[in-house]
Amino acid sequence: MTLPSINAERLLTDLTHLGQIGAGADGSIYRVAGSAADLAGRDWIDKTMRVAGLHTYRDDIGNVFSRRPDSDGPWLLIGSHADTVPGGGYLDGAYGVIASMEVLRTLHEAGHPAAAHLETVAFWDEEGVTPESKGGLVGSTALAGHPHVDDLIGYLELHVEQGPRMERDGLELSAVTGIVGVRRYAVEVRGQENHAGTTPFALRADAGRVATRFAAQLRDICQDVDDTSIGNIGSIALEPNAPNVVPGLARVQAEIRAGSEKSLDGIEDELRATLARIAQEENCTAELRTTSAKPVADFDSRLVDAVEEVCLHRSDRAERMLSYAGHDASVMSTRVPTAMIFVPSTGGYSHSNLEHTPDEQLVLGTQALLESVVAVSALMLKQDIDADHSLAA
Ligand SMILES: [Zn+2]
């Protein structure tokens with residue numbers, strides 16, 4: 001059967017409606033998980049789907065689900081998170097939630113067979129703003145540990161890119177191949193505190209010089225090992241931190257992100273070797289310690305291929321890309337075949353009231369999600385759905 005078209009007006013109206021729940025005077029949105037506004041947003045999502053004739057329910061943590069009343073699984077799950085950072089934008093999380101609601105309603109209304117095995121989710125607390133949320137991804141982590149995850153055949157998430165790459169490259173849609181792994185390091189350099197006037201350069205053990213030479217190498221090391229990787233020196237602290245004293249101690253905090261563990265290992269090896277070499281040249285000792293390591297999330301190649309095919313069919317400005325920010329999809333990918341779709345973020349802004357994507361790209365992304373749902377359902381359920389890409393009139 002032909003593919004139904006999403007209702008663009010309903011999508012944009014719903015997005016505006018959710019964006020008004022918890023909005024401050026300047027348009028910044030305050031729907032931190034568990035806040036009154038967050039709960040009101042979830043109630044509205046729940047009610048909207050019930051009014052559309054769908055069955056809704058919530059799990060113990062607060063994730064809101066919906067599906068067809070006669071649906072008995074297994075399910076392809078689609079969604080994103082309904083919470084925001086304090087002063088967030090109207091698209092981060094909300095776009096994927098509203099788009100999923102639109103896709104299920106459209107397929108349900110059209111009597112499309114893919115609707116029978118489709119479930120939507122508005123995840124609880126992705127952002128992890130409050131101390132009790134321990135870094136976020138709370139709702140997806142709870143689902144990944146719940147028996148319901150065994151009823152799922154896959155997870156698809158539509159999201160705004162939250163960065164400037166797609167806009168820079170003129171892209172409308174991206175098939176996301178995975179989420180970068182993130183490693184953080186604490187570097188400690190020990191030298192000898194001494195008089196900054198009387199001690200010649202060659203006779204110093206300058207911990208500060210080791211730290212700054214090392215910091216200056218980070219970009220080149222990332223670029224040389226894997227030119228899609230990225231890194232940051234976020235902090236340099238010197239002791240005793242005075243203009244006339246050669247620093248005897250330096251502490252550096254560094255972070256690297258890359259799309260494969262191999263690249264992360266390669267960058268880390270090179271960072272260690274570079275630090276050891278510089279420390280030796282400067283008569284100091286140095287240690288690099290890993291303080292945290294978030295693994296790479298590799299999405300399912302079958303789902304990524306299916307999503308990419310849909311994106312390329314919908315737009316001649318579509319490509320594959322890595323996600324450099326974390327998402328619920330990274331947690332879901334540890335349990336079920338997972339993929340994501342990105343649309344561009346105007347100016348690359350996110351977690352801000354400047355967050356924006358043109359309406360026509362929001363509509364295009366949602367249609368791409370619908371077509372990806374049909375393609376992935378056919379793939380995973382071996383459903384006899386004729387996934388031709390012609391749209392109904
Ligand atoms: Zn998000």
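At what angle do helix 2 and helix 3 pack, and how far apart are their axes? Select helix 2 (residues 36-51) and helix 3 (residues 94-109). The two pack at an angle of about 10°, with their axes 11 Å apart. Axes here are lines fitted to C-alpha atoms, for helices over the stretch in contact, and angles run from 0 to 180 degrees between N-to-C directions. Helices (H or I, at least four residues) and strands (E, at least two) are DSSP runs, numbered from the N terminus.

The model is predicted: local features need pLDDT of at least 70, side-chain atom pairs count only at pLDDT 80 or more, and totals for chains, interfaces and linings use all residues. Residues are numbered from 1 along each chain as its sequence is written, and side-chain values use heavy atoms, with hydrogens and water left out.

Show side chains for Trp-44, Ile-45, Thr-48 and Met-49 of helix 2, which meet Val-97, Ile-98, Met-101, Leu-104 and Arg-105 of helix 3. Contact means heavy atoms within 4.5 Å. By class, this contact of helix 2 with helix 3 has 7 nonpolar, 1 polar and 1 charged residues. Ala, Val, Leu, Ile, Met, Phe, Trp, Tyr, Cys and Pro count as nonpolar, Asp, Glu, Lys and Arg as charged, and the others, Gly among them, as polar.

Asp-14, His-17 and Leu-18 of helix 1 make the contact with Gly-41, Trp-44 and Thr-48 of helix 2.

**Helices 6 and 7**

Next select residues 207-225 (helix 6) and 261-281 (helix 7), which pack at an angle of about 150°, with axes 9 Å apart. That makes helix 6 roughly antiparallel to helix 7. Helix 6 contributes residues including Phe-214, Leu-218 and Ile-221 to the contact, and helix 7 contributes residues including Ile-267, Leu-271 and Leu-275. By class, the contact of helix 6 with helix 7 has 11 nonpolar, 4 polar and 4 charged residues.

**The two domains**

Colour domain 1 (8-179 + 296-381) and domain 2 (181-293) separately; the bounds come from an automatic or database domain assignment. Their centres, taken over C-alpha atoms, are separated by 39 Å. The contact takes 6 residues from domain 1 and 9 residues from domain 2. The buried area is about 550 Å², of which carbon and sulfur atoms give 52%; buried area is the accessible area (1.4 Å probe) that two parts lose on being put together, summed over both. On the domain 1 side, select Val-296, Leu-322 and Tyr-324, which supply 85% of the area that domain 1 buries against domain 2.

**Loops and backbone**

Pro-337 sits in the loop between helix 9 (328-332) and strand 17 (338-343). Among the residues that Pro-337 touches are Tyr-155, Asp-300 and Met-380.

Most residues other than glycine have a negative phi, and most peptide bonds are trans. Go to Pro-74, in the loop between strand 3 (64-67) and strand 4 (75-81): the peptide bond from Gly-73 to Pro-74 is cis, with omega near 0°. The bond from Glu-239 to Pro-240 is also cis, with omega near 5°. Finish at Leu-137, whose phi is near 55°, a positive value in a residue other than glycine.

Key. Angles under 35 degrees count as roughly parallel, over 145 as roughly antiparallel, 65 to 115 as roughly perpendicular and the rest as oblique. Lists of a residue's contacts leave out its neighbours within four places in sequence.
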